[in-house]
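Thanks for coming, everyone. Please have a look at the structure on the screen, and then I'll walk you through a few parts of it.

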Amino acid sequence: MMEDGPETDGPRSSMPAELHHPHSEYSQWKFKLFRVRSMERAPLPSETQPEKGAFIGISPPAAPNIELDNGMGPGSVMKLCLGGKSKENVEGPGQRVDMKLQEMDTHMNHLRCLCRLCGMALRKAKGPVHDVHGDLDQASKGALRKMGCKFTSWPEVIVKVFKVDVTEDIESVHPLSFCHRCWMAAIRGGGVCSFSRTRVPEWKPHSSLCHLCSPRKTSFQRTGRKRRKTIRRAQSLAKRTRWDQGDSIAVGERRALRRPVLKAWRKLSIQREQWVRNITHCQKDHLSTKLISEKLPVDFLASFTCLVCDHLLSDPVQSPCGHLFCRSCIIKYSYVLGPHCPACNLRCAPDDFTSPAKIFLSALQSLPLLCPKSGCGKQVKLDSFKAHCLDHDLDEQDANKQSSELDNYQLNNKGGRPRQHLLSLTRRAQKHRLRDLKNQVKTFADKEEGGDLKSVCLTLFLLALRSENEHRQADELEAMMQGRGSGLHPAVCLAIRVNTFLSCSQYHKMYRTVKATSGRQIFQPLHTLRAAEKELLPGFHQFEWQPALKNVSASCNVGIINGLSGWASSVDDSLADTITRRFRYDVALVSALKDLEEDIMEGLRESGMEDSACTSGFSVMIKESCDGMGDVSEKHGGGPVVPEKAVRFSFTIMSVSILAADKEEEVTIFMEPKPNSELSCKPLCLTFVDESDHETLTAILRPIVAERNAMKESRLILSIGGLLRSFRFHFRGTGYDEKMVREMEGLEASGSTYVCTLCDSGRAEASENMVLHSITRSHEENLERYEIWRTNPFSESADELRDRVKGVSAKPFMETHPTMDALHCDIGNATEFYKIFQDEIGEVYQKANPSREARRSWRAALDKQLRNKVKLKPVMRMNGNFARRLMTLEAVEAVCELVPSEARREALRELMRLYLQMKPVWRATCPAKECPDQLCRYSFNSQRFADLLSSTFKYRYNGKIPNYLHKTLAHVPEIIERDGSIGAWASEGNESANKLFRRFRKMNARQSKAFELVDVLKHHWLYTSKYLQKFMEAHKDSVKALQASIEPVESQDDEDMSLEVNDF
C-alpha cells in the first residue's frame, strides 16, 4: 500500500464533528465580532446549495476551493471563524494525526473491554469471554440441549433470554463480547428465559460527551476517596474561544497546544491506516494495489485507489466533489465519522454518491493483476481475477465439495456477519435464501411434471444421497416415496395410542425413546396425531339437511358440546348438579357415515349398482343404546360435587340399504358384521348422573330426542365417493335393559304387578299362561295412557285407574322399540336358575317356609361346589361372564351332586337342556341362517319348558314369574318374525364399553372432570373408528420394522425375526 507523506496527508484528513457548528446559531452581534477581512472573501454557507440527507446537528460546509492559494489547503467558514487557519496551520508536523480517528479508536478499545449485555467490565467477571455473534460451543450446546433448547448460535439465545437483537450490532457502537455472568444467566434460563434481572444498557454512537471516553461522576455520587483521573482522549478544541487582537490563533487553541503530545511510537500514516482498517474491515474483501503487475505512475495508480482504505476500488462510487471510494468503505466511514468527504471535507450524504463514468470503469476492469498463487505468475485482468482464483481452488478440491473460502476475492462486500450454514438458519431465513431456487424448481415442475413439486424435490434429494453414497438413507427415502416406508402412518400411530390406552406424555416418551434408539422417526409426533384426529372426530365434514332440521343449528363444524347447554332457566328451575358432554346427533351420524365410506362404495360395487340407479337415496338403520355404568368414582380429580355414577348414550349403524330404480326390494350394501362389539358402538353422550334420577336424565336426553325426531322428517345430503348422496335414518331404541326401558316409557318399576314391557299381562296371568301372549304396548299407546293417568277423565279410583293405564305412571320421553335385550335376558335367566339350584339343594319343594340361615347354607354349598367343579368363583352381582359359564350342562352336573333326589336331578337336567336349545335363537345375529333347527322347534321347547315350571317347579312359580323368563317364553318367536333377530339388537356393545370408560378415564386423568369427559368421549370415538381399525390391520407388519429398529439383529433370513402381532 502506498504511504502518504506529510505533504499528502493533509487533504486526506477530515474535520472533527465538533467543529461543524451551524452558522445560524450565532447571534448578530457575535457574528460582527468574529467577522474578519479574510472571511469576507470566503463564500458564505448561504451561498451554497444545501446537501440532501444531511444529519441533524451538522451544517452543510461551504463549497471547497479547488485551487490552493499560496499552499493553503481548502478551508471552511468555521476554519475562518477560528482565525483563518487550516488544520495544517494549527497542528505541528508531529501532530498530523486525524483526531477523530484517534477518538474512535480509543472509543472502540473501551467497547472491547465491556460486556454487551450488562455493560460491566469483562475483567471484573471471572471466567471466559464469549463472542456475541459466535456459535455455541460444545459445553453450552450440551447444557442447553438437556433443557430442551435447540439453538445453535448465541444471537438466537440472547434474543430469547435478554430480549435484545444483536444481529445488527456495529463494532463502533456495540461491544462484541459478553461476560461469564451473562453466560451463566442464559444457561440457567435454559436458553428461553432469564431468572436474573439483567438490565441491558442502551449503546449510543460516539460523541463529544461520550461517557466511555470521559466518564464523570455527579456530585452526589462522589465519595471521599481521591478523584479518579479522566481517561485521556484525543485533543479537541475548547467550546468557547477568546480572541487575541494581536494574534490570529485562539487562546483555547494555544492552551490545547500546550498539552503534552502523545508519543508517536509508529509512523503516522501507518497509524491512520490501522484506524481506518478497524472501521472498514475490508482487508479480506478488497484487493491490494501491490497485486498490480506493471510499474504504473503514482498519480495514475492513485486514481484507481479508494481514498478511505487505499485498496483498489471495489464497486466504486463518486462523490459530488469528484473523489472516488469503495461503496462499502464510504458508507461505514460516513456512519462513524459523519457525512462528509474524507478528502476535501465537503458534506455529502450516501444518497449523493453516483456511479463513475463507463470509460473509467472499463479502465479499472482492465488493470493487469499478478496472480498471488505460488507457481502461477500469470497476469490476469481485474474483471476475470475472481474466476481465475476459483479455477485454482477447484483444481485442489473435489468438484462436489466447494470450500467456503471461494468468495475471499469478491469485488463487492455485502457487509454483515459471516455467512451461516443453511441448516443453522431459522425457517424464515431458509425460505429467503432459497427463494430463487424454489421458484426455478416450481417453474420446472409446472412445465415438465404437471405441477408435482413434491416429487421433484424428493427426486433431487434422492439423487443427492446417491451421489454421496448414502445408500441407506436413499433406500429409506425411496421406500417412503413408494408408500412402503419404515415410518408409520399417522393414522397407525393414532390407532396404536388409542388401542394401547397411552396418554400424551406416555406416547411422547415412547416416540422419543424409539427415535433415540433406532435413529429413525418411526412413530409420528403428537402434533401430527392431533391433525389426524380432526378428520376422524365429528365436526370436520360438510353436509346439508333438506329440509333444514327444526330447532337445530345449520353449522357443520360443531365438536364436543356441553350437554346442559340450552337448559331452561326460570325462577323455579335450577341447574342440574352434574357434568355432561356430548356430540350433536346429526354431526355424529355424518362422521360415522364418512367412516364407512369405503365399505359403502365396496357394497355398491359388489351389488353392481351404478350411480345412475341410486336415485331414491340410502336408508340407514340405527340402533340406540343407553345404560348406566355403575360406580365410576376415582381418587383423583376435583371441581364440583358430582354423582358417583355415570350414564352413556351410544348408537350403532346396523345397515345401509338402497332401493334401485329397477328393483322392488331394497338392497343391503352394508351390514354391520359385529353389532354387539364395543368397536361398533359409537358414544354420543357421557354424563355423571344416576340412571334412577328420572328428572335429570330426562332433561339431559331431551335435546337428543329432539334432534332425532327432527332427523326423521328430513334427509341428509352428504358427499360419498365424490358424489352428493341422500340418506334417510331409521332409529330403533333396542339397547336398553328392563330398568332403562321402564324409565324412558314411564312405566312402573320392575317389581310392579305388570311384569312385561311388551304386553299388558299381570304377574299372576303370566304365571298361569306362560306362552300364549302377544306384543301390545307401543310408545304412542303409553303416551295416551299417561294422559289418562294425568287427567283421570272417568273419575275412577286409584286402583281402577292403575288397571286402566296398565302401569303407566310417568310421561314417556323417549321412544323405545318393543323388544327384549338378549344380554340382560341371559343375566336375568341365569339369576333365576341360580335360585332354583339353591332351592333344589335345600329341597324347598318339601318345606313350606325355610329360614334365612338355611338359605345361606344352601348358597354357600352351591358356591363351594361351583368353585371346586367348574372353577366358577362367586360374585356379588350376576354378570354376563358368570351367566354364560353357569348355564351349561357341566354346571348342572356339578349341582346335581348336591341334590338328593334322582327325579329332581333329571328335572334339572331336562330344564337346562331345553334352555340351551332355546338360547341360540335370541342370541344369534341371524337365527334363520345360524340355527334354523332351534328356531323351528322354539315353540315346542318353550311349551315344554313352561310345563316343567308349572308342574315340577310349581312351588316357585305359583302365581308369579320373573320378567325376562316371561319374555323368553312368550315373545321371542313374534320378535324374530318381525325384526329377524334379537341378538343383533342387544345392548352388549354398550355394556362392553363400560370397561373402556374406566380405562380411558384413567388414561386421561385430569384435575377437572369436565375435561376428563371431553378426553374420554374423544378417545372412545376414535377407538370405534373403522378407519383406524383398517389401518391397524393393514400395517400390522410394521411391528417387525419397529422391533428391528429398536433391537437390530443380523440375520440373512427375515423369517426368523417374526413377531406375534396380536399382542401389539
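Predicted model: local features only at pLDDT ≥ 70, side-chain atom pairs only at ≥ 80, totals over all residues.

Let's start with the helix. It is H37, and it runs from residue 938 to 951. That makes 14 residues. From the first C-alpha to the last, H37 reaches 20 Å, close to the 20 Å expected at 1.5 Å a residue.

Which residues of H37 are buried? They are Tyr938, Asn941, Ser942, Phe945, Ala946, Leu948 and Leu949. Now look down the axis of H37. The buried residues fall within an arc of 155 degrees, so they line one face of the helix.

And what covers the buried residues of H37? The cover includes five helices you can find on the screen: H30 (822-841), H34 (902-923), H36 (932-936), H38 (963-970) and H39 (972-979).

On to salt bridges. How many are there in the whole structure? The search finds 41. I'll pick out a few.

Take lysine 682 and aspartate 595. They form a salt bridge, and their closest N and O atoms are 3.6 Å apart. Lysine 682 sits in strand E13, residues 682-687, and aspartate 595 sits in helix H23, residues 585-595, so the pair ties together parts that are 87 residues apart in sequence. Both lysine 682 and aspartate 595 are buried.

Next, aspartate 760 with arginine 777. Here the closest N and O atoms are 3.8 Å apart. Buried or exposed? Aspartate 760 has 22% relative accessibility, so it counts as partly exposed. Arginine 777 has a relative accessible area of 4%, so it is buried.

Glutamate 1012 is in H42, residues 1009-1023, and arginine 1001 is in H41, residues 994-1003, so the pair ties together parts eleven residues apart in sequence. Glutamate 1012 and arginine 1001 are both buried.

How values were computed. Residues numbered from 1 in each chain as written. Heavy atoms only, no water. Helix = DSSP H or I, 4+ residues; strand = E, 2+ residues; numbered from the N terminus. Expected span 1.5 Å × (residues − 1). Buried < 20%, exposed > 50% of the residue type's maximum accessible area, 1.4 Å probe, protein only. Arc of directions from axis to C-beta. Contact = heavy atoms within 4.5 Å. Salt bridge = Lys/Arg side-chain N within 4 Å of Asp/Glu carboxyl O.
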